[in-house]
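Here is a friendly briefing to read alongside the coordinates. Have the viewer open as you go through the topics below.

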Amino acid sequence: MGSLILCHKKKAKQPYEISRVHIKIYTIEELCYYICNNLYLIDYTILNRQLCDWIGTELELERLAERLREELRSNCSMEQFIITILRESNIYAQSDINRIQNILDHLQNQKDVERAKYKADSLLESKEYESAILVYQSIVNKEWDDSVDKTFYGNIYACLGAAYGHLFLYQEAADMYEAAYRICEEPGMLKAYLYCCYRAMPEEKYVKMLSGNSAYLSMDSIMKEKMKTIRREIDPDMPDERLEQWKREYRRIDKSAGIC
């Protein structure tokens, strides 16, 4: 059975607002939850004197507030400031604190471009697709960092493709997967590119795109075989005509929704 956590009774009358994400926080538990789930977003909106004063005045945790003020005066690191809040809140077990410390150490040792990708990856994983796209785009649109391999940027394009795909923006997704494949030349990226093209294009245009390109034709054949295998697993007796009818109906749904 898990251990119980005794929450603090004090709730702020005036919330602390994290301006960059427009979040208002009322309790120390909410502050800790935000920190632990947004380690990649921690910046000046958390590391400041205003937060210290809010903790002391609104939450009446003056000892913690003064500890944090002292750390700011001594130019503490972001990691130390965060760990102090989490530890002094008495919400987390030491094992949790150690895990968070390891994540912070990992982020600290990363290049700026790697930290930015970590942020975007986290947004993508949490299904905040529009926000993830903006961060990924900010990375590829800047001058590329020569200290990282080009495949790093290829993977970012692939992540952009995934984010657009989740939003059913298949043409945009296809463009990103195509860029990813040109850099990395990974079969999985080619497969994703062709799938998005298939979803975005009229059938005649898709067939024309495949013609004359052996790599495209080979991957398209693999994809079709995979679809047949899945179909047989679902319904071994399904005729080919029925499958083609489903494909046509699915394309009409996409077009009526303004996707293609």
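## Briefing

The side chain of N38 comes to 2.9 Å from the backbone oxygen of Y34, a polar contact (a pair of N or O atoms within 3.5 Å; within protein, one must be able to donate a hydrogen and the other to accept it, and residues adjacent in sequence count only if both atoms are side-chain atoms). This is a predicted model, in which local features need pLDDT of at least 70 and side-chain atom pairs count only at pLDDT 80 or more, while totals for chains, interfaces and linings use all residues. Residues are numbered from 1 along each chain as its sequence is written, and side-chain values use heavy atoms, with hydrogens and water left out.

**The chain as a whole**

- The chain has 13 helices and 2 strands; helices (H or I, at least four residues) and strands (E, at least two) are DSSP runs, numbered from the N terminus.
- Of its 260 residues, 40% count as buried, where buried means under 20% relative accessible area, exposed means over 50%, and partly exposed lies in between (1.4 Å probe, protein chains only).
- The accessible surface is about 15,800 Å², and carbon and sulfur atoms hold 51% of that surface; the areas come from the Shrake-Rupley method with a 1.4 Å probe, and for residues only the protein chains shown count as cover.
- Taking contacts (heavy atoms within 4.5 Å) between residues at least 6 apart in sequence, 49% join residues at least 24 apart.

**Around helix α2**

- N38 sits in the loop between α1 and α2, and N38 counts as buried because its relative accessibility is 15%.
- At the start of α2, a side-chain oxygen of N48 comes within 3.1 Å of the backbone nitrogen of Q50.
- Which residues of α2 are buried? In this helix, which spans residues 49-57, they are L51, C52, W54, I55 and G56.
- Those buried residues pack against both β1 (16-18) and β2 (23-25), and also against the helices α1 (28-37), α3 (62-73) and α4 (78-88).

**How α2 meets α3**

- Two packed helices are described by the angle between their axes and the distance between the axes.
- For α2 and α3, the angle is about 165 degrees and the axes are 7 Å apart; axes are lines fitted to C-alpha atoms, for helices over the stretch in contact, and angles run from 0 to 180 degrees between N-to-C directions.
- That angle makes α2 roughly antiparallel to α3, since angles under 35 degrees count as roughly parallel, over 145 as roughly antiparallel, 65 to 115 as roughly perpendicular and the rest as oblique.
- The crossing of α2 and α3 is left-handed; a crossing is left-handed if the near helix is turned anticlockwise from the far one by less than a right angle, and right-handed if clockwise.
- On the α2 side, R49, C52, D53, I55 and G56 take part, and they meet E62, L64, A65, L68, R69 and L72 of α3.

- Why is α4 described as largely enclosed by the rest of the structure? Because 8 of its 11 residues are buried.
- The buried residues are M78, E79, F81, I82, I83, T84, I85 and L86, and their cover includes α1, α2, α3, α5 (94-108) and α6 (112-125).
- α4 and α5 pack at about 165 degrees, with axes 10 Å apart, and the two helices are therefore roughly antiparallel to each other.
- The α4 and α5 crossing is right-handed.
- That contact involves M78, E79, I82, I83, L86 and R87 of α4, together with Q94, I97, I100, Q101, L104 and Q108 of α5.

**Helices α10 and α11**

- The axes of α10 (residues 187-200) and α11 (residues 203-210) come within 8 Å and cross at roughly 150 degrees, which makes α10 roughly antiparallel to α11.
- Y193, L194, C197 and Y198 of α10 make the contact with Y206, M209 and L210 of α11.

**Positive phi in two loops**

- N90, in the loop between α4 and α5, has a phi near 60 degrees, a positive value in a residue other than glycine.
- Is N90 buried or exposed? N90 counts as exposed, because its relative accessibility is 58%.
- F168 lies in the loop between α8 (150-166) and α9 (170-184), with a positive phi near 65 degrees.
- F168 counts as partly exposed, because its relative accessibility is 46%.
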